[in-house]
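Here are some notes for a colleague who is opening this entry for the first time.

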Amino acid sequence: MKASQALYVEATADTNDLRGQLWYEARNAGTPDEFYVVSKFDGSFLDVPLLHLSDLYLICAEFYVRFFGDSDVSWLAKINALRQRSGLTDLRSLSLADVMQGRRLELAFGGHHLFQLNTHGVLGDTQKIRG
């Protein structure tokens, strides 16, 4: 699957992030035909997990940050476990920006980003869907 340059740059910006090293590759680098591919799901395109434990952690962390602010650190340990698995350093506090970036990078190409854009808008503003 092809990735956008923006996602490739974001995913590979931190050289310690194993997701960027293992899932993304620039092909024909430095040429006008340069493009970016994702090898996260190398098998059948239809063989994609429907539910990820990391998705559940990120959903709960987003809820706690939105409703209780960054003072509630109950989900910080779980988000840090995801970051450690990816080779990243621990966060000291959890912000909404951290959670949203985690969703973007952790759940890339699982169909979550389009849903997130529809729900939160392109600029991150929550959209009123009904009523």
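**Notes on the fold and its packing**

1. Among contacts in the protein chain that join residues at least 6 apart in sequence, 56% are between residues at least 24 apart. Please keep in mind while reading that this is a predicted model.

2. The protein chain contains 6 helices and 3 strands, and, when it is read along the sequence, these elements follow the pattern β-α-α-β-β-α-α-α-α. Of the 131 residues in the protein chain, 34% are buried.

3. Helix 3, which covers residues 53-68, packs against helix 5, residues 96-106, at an angle of about 160°, and the axes of the two helices lie 9 Å apart. Since angles over 145 degrees count as roughly antiparallel, helix 3 and helix 5 are therefore described as roughly antiparallel to each other. The crossing of helix 3 past helix 5 is left-handed.

4. On the side of helix 3, this contact is made by Ser-54, Asp-55, Leu-58, Ile-59, Ala-61, Glu-62, Val-65 and Arg-66, while helix 5 contributes Leu-96, Val-99, Met-100, Gly-102, Arg-103 and Glu-106. By class, the residues of the contact of helix 3 with helix 5 divide into 7 nonpolar, 5 charged and 2 polar.

5. Helix 5 also packs with helix 1, residues 5-12, here at an angle of about 110° and with the axes 10 Å apart, which makes helix 1 roughly perpendicular to helix 5. Helix 1, too, passes helix 5 in a left-handed crossing. In this pairing, Leu-7, Glu-10 and Ala-11 of helix 1 meet Gln-101, Arg-104 and Leu-105 of helix 5, and the contact of helix 1 with helix 5 has 3 nonpolar, 2 charged and 1 polar residues.

6. The largest nonpolar core has 11 residues in all, namely Leu-58, Ala-61, Val-65, Trp-75, Leu-76, Ile-79, Leu-82, Leu-91, Leu-94, Val-99 and Leu-107. Two or more residues of this core come from helix 3 and from helix 4, residues 76-85. Apart from this core lies another one, of 10 residues, among them Ala-3, Tyr-8, Val-38 and Leu-105.

7. Which residues does Ala-61 contact, leaving aside its neighbours within four places in sequence? With those neighbours set aside, Ala-61 is in contact with Trp-75, Ile-79, Leu-94 and Val-99.

Terms used. Residues are numbered from 1 along each chain as its sequence is written. This is a predicted model: local features need pLDDT of at least 70, side-chain atom pairs count only at pLDDT 80 or more; totals for chains, interfaces and linings use all residues. Side-chain values use heavy atoms; hydrogens and water are left out. Axes are lines fitted to C-alpha atoms, for helices over the stretch in contact, and angles run from 0 to 180 degrees between N-to-C directions. Helices (H or I, at least four residues) and strands (E, at least two) are DSSP runs, numbered from the N terminus. Angles under 35 degrees count as roughly parallel, over 145 as roughly antiparallel, 65 to 115 as roughly perpendicular and the rest as oblique. A crossing is left-handed if the near helix is turned anticlockwise from the far one by less than a right angle, and right-handed if clockwise. Contact means heavy atoms within 4.5 Å. Ala, Val, Leu, Ile, Met, Phe, Trp, Tyr, Cys and Pro count as nonpolar, Asp, Glu, Lys and Arg as charged, and the others, Gly among them, as polar. A nonpolar core is a set of buried Ala, Val, Leu, Ile, Met, Phe, Trp, Tyr and Cys residues joined through side-chain atoms within 4.5 Å. Buried means under 20% relative accessible area, exposed over 50%, partly exposed in between (1.4 Å probe, protein chains only).
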